[in-house]
Amino acid sequence: MSNYIIMKKINYLLAIILTTVFYVSCSSDDVQETPNQFIIEGKNYPIESIFVEKFIKESGTSVLLHLLNITEQDIEAARNSGVALTEVDFFSIAVRDESLTSKTYTTNSLWYEFMTDGEFLGEYDNEQLLMEYENGDEVTLTINSINETNISLDFKVKRVNGSVATGSYKGKYSTIEESSGQR
């Protein structure tokens, strides 16, 4: 084989190798957080649905966000069948405000609790309380956007003991009729 043909084959192989290296090096090395989940003590909990509830009591109005690992369809199917859903994770965050708007809420206007492995059939029962607001916790909830059907939010809880919980959700939400009572 002539040197010309050998050089042509080497250049061709070199071009393929360089192109491959270029595409691999340009791919994102960033770890993308999965949306619609919260992470507590390194464990991921998916968020399948959010329910927004206005809660009125003597001391004022709050808006409750209920983040669940089950869908609205799951809840409806359980009600229709009479069979309780199990292993339900439930994160609730209360915003002491008349309504939700696109802004960042901080500790002085927030309260939260997270329960896991509960059963749901009309009520939430037999759950394990994993965390609940304590004095000294730093909490932020950012509503990135909200309209009549969709919400985008991020939240972070830095607990007094140093542990951190974070989460985000982007998608549809449902509303629950206004309720009154003790909270």
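**Notebook: rings, cores and a pocket**

I began with the rings, and found that ring pairs link F38, Y45, F91, Y112, F114, Y133 and F155 into a cluster. For this I paired rings of Phe, Tyr and Trp (its six-membered ring) with centres within 6.5 Å, calling planes under 30 degrees apart stacked, over 60 edge-to-face and the rest tilted.

A note to myself: this is a predicted model, where local features need pLDDT of at least 70, side-chain atom pairs count only at pLDDT 80 or more, and totals for chains, interfaces and linings use all residues. Residues are numbered from 1 along each chain as its sequence is written, and side-chain values use heavy atoms, leaving out hydrogens and water.

**Aromatic pairs.** I counted ten aromatic pairs by this rule. Y112 and Y133 make an edge-to-face pair, 6.1 Å centre to centre with 85° between the planes. Y112 sits in strand β7 and Y133 in the loop between β9 (128-132) and β10, so their pair ties together parts 21 residues apart in sequence. Strands here are DSSP runs (E, at least two residues) and helices likewise (H or I, at least four), numbered from the N terminus.

Which of the two is buried? Y112 counts as buried, at 0% relative accessibility, while Y133 at 23% counts as partly exposed. Buried means under 20% relative accessible area, exposed over 50%, and partly exposed in between (1.4 Å probe, protein chains only).

**Cores.** Of its 28 residues, F38, I50, L65, F91, L141, I151 and L153 touch the most other members. The largest share of this core comes from β11, with four residues. A second, separate core has eleven residues, including L68, I70, I75 and V88.

**S152.** I also checked S152, which is found in strand β11. S152 counts as buried, at 10% relative accessibility. Leaving aside residues up to four places away in sequence, S152 touches T142, I143, N144, S145, Y169 and K170; contact means heavy atoms within 4.5 Å.

How much space lies in the largest pocket? I noted about 450 Å³. Of the 22 residues lining the largest pocket, E53, H66, F90, F120 and I176 are the closest to its centre. A pocket is an open set of points on a 1 Å grid over the protein atoms alone, where a 1.4 Å probe fits, with protein on both sides within 12 Å along at least five of seven lines; lining residues have an atom within 4 Å of a point. Helix α2 gives the most to this lining, with four residues.

Key:
Grid points are joined across faces, edges and corners, and a volume is the space filled by probe spheres set on the points. A nonpolar core is a set of buried Ala, Val, Leu, Ile, Met, Phe, Trp, Tyr and Cys residues joined through side-chain atoms within 4.5 Å.
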